[in-house]
Amino acid sequence: GFIRPKNGNLFVASYKGLGRFSETGFELFSEKKGLPDKLVSALCEDKEGNLWVAMKNAGVGKFSRRKFLNITRAADLPVESIHSVLEDLGGNIWSTSDNGVTCLIDSRTSEDRARVIQDIVKKLKGMRVRQIREDADGTLFFATYSDSALIIFRMDGSIEAINKEKGLANNRVRFSYRDATGILWIGTTAGLAYYADGKVNMIQDGVLPNSFILSALRDHKGFLWVGTDGGGLAKFRVEDGDGLKLKITLERVFNNENGLDGNIVFKIVEDAYDNLWLATSTGLSLYREGDFYSASVAIDSENKQIFNIIPDSTGHAWILTPRDFYFVSIDSFVQAIEDNRLLEDVVSYNKLDGISGQAVANSWPCLTESNKLFIPTSKGVALCDPLSTGNNYLPPPVVIERVVIDGRSFEAIWDGFTVSPT
């Protein structure tokens with residue numbers, strides 16, 4: 001049989017599986033893609049837009065619209081744990097792992113650019129690549145555990161390596177970060193460096209509470225915040241120094257003894273409202289107007305790992321934990337945190353919504369200008385595209401089962417019930 005649901009796609013029932021025709025082409029769902037039985041005999045759509053599938057050997061199943069798409073499975077890529085994902089300015093989708101990088105090249109990419117991309121993919125094959133990041137001019141940065149350390153891949157195809165030979169403490173680079181003033185910061189397992197005018201400058205040994213650097217951020221006031229693997233959070237004042245060097249002064253160290261939720265700081269994020277968020281190994285902390293607040297009560301996450309918080313352009317934010325992803329209004333979330341109460345309007349997602357693997361600690365998701373969210377997981381890349389997932393505007397059914405009046409309980413039945421005046 002055939003059916004065309006409200007979303008416009010055409011579904012076909014066959015003895016080879018469930019076929020779907022869409023604007024992007026034809027896709028067949030069988031046992032390999034999660035269908036219990038490939039022998040599909042009938043199709044039906046309900047009023048909520050869900051597609052019901054009748055199968056010869058597996059009964060009836062619901063084929064509902066999922067919030068997340070597993071790009072790794074959809075593109076038939078190897079299933080592996082992903083460290084970082086990026087949709088670049090050309091629409092190409094990159095992901096990094098312990099085995100190098102993968103790039104899904106956009107159909108609009110020129111043949112010359114595609115060849116250059118394929119060359120860098122070959123060059124990085126077998127390397128442990130912790131992060132991929134893009135500058136505004138399209139230059140790509142690959143943070144690696146290799147002799148090349150931080151690899152810079154420019155639009156013209158040229159490649160530069162910033163490594164121990166050029167002044168880094170070691171060749172195990174966790175991330176790179178470009179602040180608003182144009183300074184390039186490089187986090188390694190042996191300290192933090194900045195790169196300016198072709199020269200590497202390491203922050204002096206002994207200043208940081210821990211040399212294993214997981215994250216860094218310059219806030220709107222110019223302070224540098226550095227997250228470490230076990231030593232908590234360090235706040236620095238950054239000023240112009242002698243010549244090309246910066247004057248970097250430690251202001252204070254925060255840890256779980258003076259307000260911070262955890263001493264392993266996976267991510268440091270500043271939102272559009274100047275709130276500073278710290279995703280740690282034992283909770284999410286909010287730093288606001290000089291004070292720390294724990295978000296544990298607001299999202300019921302006491303002593304739970306929070307890997308990241310990702311604000312979008314609509315005033316909302318994604319909060320990533322190993323198994324669950326939360327979507328919250330930032331204003332409501334901050335108010336709940338300050339009131340130390342449970343947030344009521346939080347939306348939670350898990351594997352039932354299409355997330356095939358767990359989120360990965362200290363990984364690097366990608367949020368595009370259109371609010372598409374790419375998330376690295378232990379089984380590939382998950383994508384949430386708000387433009388491709390419809391909303392269910394049908395109000396849920398409400399059934400009154402029992403009525404209590406003045407302490408007396410009455411069974412609610414279709415024909416009604418009578419209450420005695422006594």
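Predicted model: local features only at pLDDT ≥ 70, side-chain atom pairs only at ≥ 80, totals over all residues.
Visitor: What is the order of the strands in the open sheet of 4 strands?
Guide: Strands are DSSP runs (E, at least two residues; helices are H or I, at least four), numbered from the N terminus. Two strands pair if DSSP finds at least two bridges between them. Pairing in this open sheet is antiparallel, and the order is β1-β2-β3-β4.

Visitor: Why is one side of β1 and of β4 left without a neighbour in the sheet?
Guide: Strands of a sheet pair through backbone hydrogen bonds, either parallel or antiparallel. Here β1 (2-3) and β4 stand at the edges, so one side of each has no neighbour in the sheet: each has a single partner strand.

Visitor: Which residue is the bridge partner of V12 in β3?
Guide: Strand β2 (residues 10-14) is joined to β1 by 2 bridges, and there V12 is the partner of F2. On to β3 (residues 17-22), which pairs with β2 in the antiparallel sense over 5 bridges, with a hairpin of 2 residues joining them. In β3, the bridge partner of V12 is G19.

Visitor: Which residues form a nonpolar patch on the surface?
Guide: Patches take residues with over 30% relative accessible area and no salt bridge, joining nonpolar side chains (Val, Leu, Ile, Met, Phe, Trp, Tyr) within 5 Å and like charges within 9 Å. Areas come from the Shrake-Rupley method with a 1.4 Å probe, and for residues only the protein chains shown count as cover. One member, F26, lies in strand β4 (residues 25-29). Together the patch has about 280 Å² of accessible area, and its residues are F21, F26 and L28.

Visitor: How much space lies in the largest cavity?
Guide: On a 1 Å grid over the protein atoms alone, a cavity is a set of points where a 1.4 Å probe fits but cannot get out; a pocket is an open set with protein on both sides within 12 Å along at least five of seven lines, and lining residues have an atom within 4 Å of a point. Points are joined across faces, edges and corners, and a volume is the space filled by probe spheres set on them. The count is 1 cavity of 30 Å³ or more, and the lining of the largest includes I71, S95 and V381. Its space comes to about 100 Å³.

Visitor: Which residue takes a positive phi in the hairpin of β9 and β10?
Guide: These two strands pair in the antiparallel sense over 4 bridges, and V85 stands opposite S95 in β10. The hairpin has 5 residues between the strands, and the one with a positive phi, near 85°, is G91.

Visitor: Which residue meets R128 in a salt bridge?
Guide: A salt bridge is a side-chain nitrogen of Lys or Arg within 4 Å of a carboxyl oxygen of Asp or Glu, and the count comes to 12. The side chain of R128 has its partner at 3.1 Å, N to O, and that partner is D98.

Key: Residues numbered from 1 in each chain as written. Heavy atoms only, no water.
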